[in-house]
Amino acid sequence: MRIKIIKNGPYQVSGGVPLKEMKIGSNAQGDSTHWIEGKTIETKETYHLCRCGKSSNKPFCDGSHSCGFDGTETADHRSYNESVKCYKGDGMDLLDEEDLCAVARFCDVAGGIWALIQDADNEELAVREACDCPSGRLTVVKEGKSIEPDFPAEIAVIEDEPAGKMGPLWVRGGIEIECEDGSVYEKRNRVTLCRCGKSLNKPFCDASHMEEE
């Protein structure tokens, strides 16, 4: 299973990677609190996903990138552990790579994960908030071990219904992402790829889809 970034073009997905919808669920106050699994999207063994945000057949590419899309990759090639900031807490630590933030807002609940880690009684909630972070920005570390959700290898198309926005592509389960030059990014359990075409951290989402249009 692999995602290949085509120069100034789409994501070429090969190896029969499953594709489905995931929606952000919220409570009565509008807080992001849970994920809602949507429909499975039918695909072929190899398919192409829109990266420019202009396709009329989203999430698939329809060739709209040919009208001048600049898909130049600008993301840092350092590993996650090389680039994170570590926040010390009560019996747990929090790794945070802010540049990966996709503004899914799960980390804001109950005062925010940065406050929650200061009290060991909040461990379960802190872990859940970190694991619900689709971009992999946040990771709780307990006794030297990073806590990660158990994801199958798949791609989820995020719909941010509470914010009324089309979210990024959520790559789960350690699928390899190949750069246009043939090198590869660090393989991770969860990352989010830009599909609006506006990110300044391509190919990864930087929450530019949240900007007013």
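In this discussion, a residue is called buried when its relative accessible area is under 20%. With that in mind, which residues of helix 3 are buried, and what covers them?

Modeller: The model is a predicted one. Helix 3 spans residues 123–132, and its buried residues are Ala126, Val127, Glu129, Ala130, Cys131 and Asp132. The cover over these buried residues includes strand 4 (32–41), helix 2 (113–116), strand 8 (138–142) and strand 13.

Strand 13 comprises residues 190–193. Arg190 and Thr192 point one way from this strand, Val191 and Leu193 point the other way, and all are buried. Strand 13 runs antiparallel to strand 11 (residues 165–172), to which 4 bridges join it. Within this pairing, Arg190 is the bridge partner of Arg172. The segment after strand 13 contains Asn201. Asn201 has a relative accessible area of 13% and is therefore buried. Apart from its neighbours within four places in sequence, Asn201 is in contact with Thr74, Ala75, Asp76, Asp99, Leu100 and Asp206.

Strand 8, also part of the cover over helix 3, belongs to an open sheet of 4 strands in the order 6-7-8-9, with antiparallel pairing. Strand 6 (85–88) and strand 9 (145–146) stand at the edges of this sheet; each has a single partner strand, so one side of each is left without a neighbour in the sheet. Strand 8 and strand 9 run antiparallel and are joined by 2 bridges. Lys142 stands opposite Lys145 in strand 9.

Domain 1 consists of residues 2–76 + 151–210, and domain 2 of residues 80–146. The C-alpha centres of domain 1 and domain 2 lie 23 Å apart. Their contact takes 24 residues from domain 1 and 19 residues from domain 2. Between them, the two domains bury about 1,600 Å², of which 50% is on carbon and sulfur atoms. Ser32, Arg188 and Arg190 supply 36% of the area that domain 1 buries against domain 2, more than any other three residues.

Strand 2 (residues 11–14) and strand 5 run antiparallel and are joined by 3 bridges. In strand 5, Tyr47 is the bridge partner of Val13.

Finally, there is an annotation to consider. Over residues 34–70, the chain is 0% helix and 30% strand, and the end C-alpha atoms are 34 Å apart.

Key
Residues are numbered from 1 along each chain as its sequence is written. This is a predicted model: local features need pLDDT of at least 70, side-chain atom pairs count only at pLDDT 80 or more; totals for chains, interfaces and linings use all residues. Side-chain values use heavy atoms; hydrogens and water are left out. Buried means under 20% relative accessible area, exposed over 50%, partly exposed in between (1.4 Å probe, protein chains only). Two strands pair if DSSP finds at least two bridges between them. Domain bounds come from an automatic or database domain assignment. Contact means heavy atoms within 4.5 Å. Buried area is the accessible area (1.4 Å probe) that two parts lose on being put together, summed over both.
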